[in-house]
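User: Hi! Could you walk me through this structure, one question at a time?

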Amino acid sequence: MVSVVQNVAVDCVNAYELARFWSEVTGRPLHPEDEPGMPETQVMTAEGPVLYFHQVPEAKKGKNRLHLCLRPKTSREEEVERLLALGATLVADLRNPDGSGWAVLADPEGNEFCVLRGESDRAATVS
């Protein structure tokens, strides 16, 4: 017997607003019954576990022990710029001159995530 991952849960101060940010990041919709002010909100992924946002009274403290890594369909640089425009912040720039590496960003509530090389970046290094 095995277990199946149902969701990836994120504690947050404002579940609906943070879920809206991640909906924009992923291009995936919120659960159709979710509304502003709800203490639990979900981003419905195309496959795999949903992103589940749950309001808690305390603010985030310290570095995440678990985080998401995103592989954009565009270039890493284009995606980093898009995410910054959506409200993310740059935490650490670990991109290398040879195209390897990644960028560490944080969502509006400070949860870190990584942006890896995009499909076009990877195709360019293979050519």
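Analyst: Happy to, starting with a definition: angles under 35 degrees count as roughly parallel, over 145 as roughly antiparallel, 65 to 115 as roughly perpendicular and the rest as oblique. Please keep in mind that this is a predicted model, where local features need pLDDT of at least 70, side-chain atom pairs count only at pLDDT 80 or more, and totals for chains, interfaces and linings use all residues. Residues are numbered from 1 along each chain as its sequence is written, and side-chain values use heavy atoms, with hydrogens and water left out.

User: Are H1 and H2 roughly parallel or roughly antiparallel to each other?

Analyst: Helices (H or I, at least four residues) and strands (E, at least two) are DSSP runs, numbered from the N terminus. Axes are lines fitted to C-alpha atoms, for helices over the stretch in contact, and angles run from 0 to 180 degrees between N-to-C directions. The axes of H1 and H2 (residues 76-86) come within 11 Å and cross at roughly 155°. H1 and H2 are therefore roughly antiparallel.

User: What separates the C-alpha atoms of Leu86 and Phe21?

Analyst: Leu86 counts as partly exposed at 32% relative accessibility, where buried means under 20% relative accessible area, exposed over 50% and partly exposed in between (1.4 Å probe, protein chains only). Along the chain, Leu86 and Phe21 are 65 residues apart. The separation of their C-alpha atoms is 7.1 Å.

User: Why is the pair of Trp22 and Phe113 edge-to-face?

Analyst: The structure holds two aromatic pairs. Rings of Phe, Tyr and Trp (its six-membered ring) pair if their centres lie within 6.5 Å, and planes under 30 degrees apart count as stacked, over 60 as edge-to-face and the rest as tilted. One of the pairs is Phe21 with Trp22, edge-to-face at 5.6 Å centre to centre and 90° between the planes. For Trp22 and Phe113 the centres are 4.9 Å apart, and the pair is edge-to-face because the planes lie at 70°.

User: How many residues apart are Trp22 and Phe113?

Analyst: Ring pairs link Phe21, Trp22 and Phe113 into a cluster. Trp22 counts as buried because its relative accessibility is 4%, and Phe113 is buried too, with a relative accessible area of 1%. Their pair links distant parts of the chain, with Trp22 in helix H1 (residues 15-26) and Phe113 in strand E7 (residues 112-115), so the gap is 91 residues.

User: How far from Cys69 is the nearest cysteine sulfur?

Analyst: A disulfide is a pair of cysteine sulfur atoms within 2.5 Å, and a search of the whole structure finds zero of them. Cys69 counts as partly exposed at 46% relative accessibility, whereas Cys114 counts as buried at 8%. The sulfur nearest to that of Cys69 belongs to Cys114, at 4.3 Å.

User: Is Thr41 buried or exposed?

Analyst: Thr41 is found in strand E2 (residues 40-43). Not counting residues up to four places away in sequence, Thr41 touches Ala15, Tyr16, Ala19, Leu30, Asp34, Leu51, Tyr52 and Phe53. At 0% relative accessibility, Thr41 counts as buried.

Terms used: Contact means heavy atoms within 4.5 Å.
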